[in-house]
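Colleague: Before I rely on the labels in this model, I would like to hear what stands behind them.

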Amino acid sequence: MAQTCKMFAGVAPATWECIKATSLKDHGTVYAPAGAAKGTATTSTVVGTVELSFDYDATKDTVNYCIIKKPFLVSADQIWNGIQDTIHGCS
């Protein structure tokens with residue numbers, strides 16, 4: 001089974017804000033609580049809900065995501081690659 005948590009580096013505060021805004025616009029992802037450094041990111045897809053925990057560390061420019069819930073049809077690699085693509089787009 002693929003890993004259930006992954007840390008992403010190089011996430012400056014402006015990049016973090018872009019990630020949240022882009023994820024909402026492109027995928028309907030809701031980060032809660034709003035403005036928090038820790039919480040959940042929830043995305044509804046046609047095959048089910050993807051729910052991740054997140055822990056953003058502005059002092060280290062890192063964000064750690066862990067998969068809480070995902071549809072069977074969605075792989076962890078798809079989730080990680082999507083996040084990485086968003087980070088690249090925001091950097």
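Modeller: Start with helix α1, residues 13-27: its 15 residues reach 21 Å from first to last C-alpha, close to the 21 Å expected at 1.5 Å a residue. The expected span is 1.5 Å times one less than the number of residues. This is a predicted model, where local features need pLDDT of at least 70 and side-chain atom pairs pLDDT 80 or more, while totals for chains, interfaces and linings use all residues. Residues are numbered from 1 along each chain, and side-chain values use heavy atoms, without hydrogens and water.

Colleague: What makes α1 oblique to α2?

Modeller: The two helices pack at about 120°, with axes 9 Å apart. That angle makes α1 oblique to α2, because roughly parallel is under 35 degrees, roughly antiparallel over 145, roughly perpendicular 65 to 115, and the rest oblique.

Colleague: Which residues make that contact?

Modeller: T15, C18, I19, T22 and S23 of α1 meet T86, I87 and C90 of α2, contact being heavy atoms within 4.5 Å. By class, four residues are nonpolar, four polar and none charged.

Colleague: Why does D61 count as partly exposed?

Modeller: Its relative accessibility is 28%. Buried is under 20% and exposed over 50%, with partly exposed in between (1.4 Å probe, protein chains only), so D61 counts as partly exposed. D61 lies in the loop between β4 and β5, and its phi is positive, near 55°.

Colleague: What joins A32 and P33?

Modeller: A cis peptide bond, with omega about -5°. P33 sits in the loop between β2 and β3.

Definitions and conventions
Helices (H or I, at least four residues) and strands (E, at least two) are DSSP runs, numbered from the N terminus. Axes are lines fitted to C-alpha atoms, for helices over the stretch in contact, and angles run from 0 to 180 degrees between N-to-C directions. Ala, Val, Leu, Ile, Met, Phe, Trp, Tyr, Cys and Pro count as nonpolar, Asp, Glu, Lys and Arg as charged, and the others, Gly among them, as polar.
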